[in-house]
Amino acid sequence: MSGQSITDRITAAQHSVTGSAISKTVCKATTHEIMGPKKKHLDYLIQCTNEMNVNIPQLADTLFERTANTSWVVVFKSLTTTHHLMVYGNERFIQYLASRNTLFNLSNFLDKSGLQGYDMSTFIRRYSRYLNEKAVSYRQVAFDFTKVKRGSDGVMRTMNTEKLLKTIPIIQNQMDVLLDFNVNANELTNGVINAAFMLLFKDAIRLFAAYNEGIINLLEKYFDMKKVQCKEGLDIYKKFLTRMTRISEFLKVAEQVGIDRGDIPDLSQAPSSLLDALEQHLASLEGKKVKDSTAASRASTLSNAVSSLANTGISFTKVDEREKQAALEEEQARLKALLLSKEQRLKELQKNPTAATTDSSPVSTMGGTINSAPAIDLFSTPSSNNSSSKAANDLLDLQPAFQQPLPLSTGSTWGDPFASSADVAEDIPNANPFLTLPVVDAVHLSMAPSDNGSLSSRTPNHEMFDHYYPLFDSSSSLASDFDSAYDVEQIISGTPISVIVVLGRCC
């Protein structure tokens, strides 16, 4: 199975429709492709955990829903994505996981679709156990061991005896579950399990570094402890030696799969004489007979052991710092590429300044040209008869297909309500009873004897009709009436106001 399945595409489309970008990204990060989650999807989810308006429980629940899938690829990638967010995401994410009573219930998971499904199901069950234990550890101590401050003034080095004896077993349990992943180099055969192994490898280094500093603090306090505390401390140290052997085997696997040798820390074993000194001190507190040992020899043994363990801690710290430096260099390279792209874009805009506006203008994509002619002012007073006629013609040109020329009819049609039918020379065609031009024409015909009226009697009330011309086609034979606009003004100037109002309403 390779590539995104139809189910992946349908699920992503559903989240696109609902507008849930987080759910869509989770779906894309946990597809059926046999490869690790893509970096761009992981980076987006990490950024989401840093946003205060993002619902962290919803993000976590979406990942939990993906683990209910029957495909081992989807489940494994869901666990890997969750682990990535626990390590690199905002602390709010792991806090929410720690607050839940149950996380991943995959102890019985089994993909029976193929032989590879059977093999990978084993590692899915182990991986889910580790993530559960990691969340439980955070719940118990309220911090992540892989992120604590290290060094002489670190958290584990400055912890008091009582708290130290309670905290180290928690680290041991988490380390045990991590090492129980127990993968061999020949089993790392695909990108999904390789991505999970890399996260486990980084967790193992940081977790053992905190574990190592806790043991150093324990040894420095051991000879000042009470008998019960010394007994508990000795048991912790013996377990530490066992886990040091197991972590060495784990690091060998990492080296075999191609991890750089410089990224693998060196483990320095404590001298065996230290264990004898610790056992003799406990026996002396219990009242048993022990070999005589001076305080100087005991201090020397302790100093050598602490020094070797400190060297191990320094080696782990160097690996961690090298990883941080690599991450910074990667981020700087990304920013540099972004700046170069921006500069290149600015140079292109400077060479062709119209490219941006032309490309981005929605008008340019319509396939037409923009008319830059000035707009016609429909409410301005014409300065002359010629301008009046030109404005009317411009109005008609706006809609050339508004009305086709119609022949005049001599039948009984619309006319002047104040004129007799005998006075009307031409009537309005029945095809368009709302054409207002014949009304003016009727007025012109009925009022023709009053051509001698004076224009000096015009009032401001008359000026509202100065350039009112009905809309009709300029190709009609009636258009010639507009050439006598001056005659119409004389007719209107000699008409009573009441008649003009009535005519205006009829129009």
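A residue counts as buried when its relative accessible area is under 20%.

**Nonpolar core**
- The largest nonpolar core has 94 residues, and those touching the most other members are Phe76, Phe93, Leu97, Tyr127, Ile215, Leu219 and Phe250.
- Helix α9 (residues 191–222) supplies the largest share of this core, with 18 residues.
- Beyond its neighbours within four places in sequence, Ile215 contacts Ile168, Ile236, Tyr237, Phe240 and Leu309.

**Aromatic pairs**
- The structure holds 11 aromatic pairs.
- One of them joins Phe64 and Phe104 edge-to-face, with 5.0 Å between the centres and 80 degrees between the planes.
- This pair links distant parts of the chain, 40 residues apart: Phe64 sits in helix α4 (residues 56–66), and Phe104 in the loop between α6 (91–99) and α7 (115–141).
- Phe104 is buried too, at 7% relative accessibility.
- Phe76, Phe123, Tyr127 and Phe181 form a cluster linked by ring pairs.

**Cysteines**
- A search of the whole structure turns up 0 disulfides.
- Cys27 is buried at 2% relative accessible area, and Cys48 is buried at 6%.

**Where to read with care**
- Where pLDDT is low, predicted coordinates should not be read in detail.

Conventions: Residues are numbered from 1 along each chain as its sequence is written. This is a predicted model: local features need pLDDT of at least 70, side-chain atom pairs count only at pLDDT 80 or more; totals for chains, interfaces and linings use all residues. Side-chain values use heavy atoms; hydrogens and water are left out. A nonpolar core is a set of buried Ala, Val, Leu, Ile, Met, Phe, Trp, Tyr and Cys residues joined through side-chain atoms within 4.5 Å. Buried means under 20% relative accessible area, exposed over 50%, partly exposed in between (1.4 Å probe, protein chains only). Helices (H or I, at least four residues) and strands (E, at least two) are DSSP runs, numbered from the N terminus. Contact means heavy atoms within 4.5 Å. A disulfide is a pair of cysteine sulfur atoms within 2.5 Å. Rings of Phe, Tyr and Trp (its six-membered ring) pair if their centres lie within 6.5 Å; planes under 30 degrees apart count as stacked, over 60 as edge-to-face and the rest as tilted.
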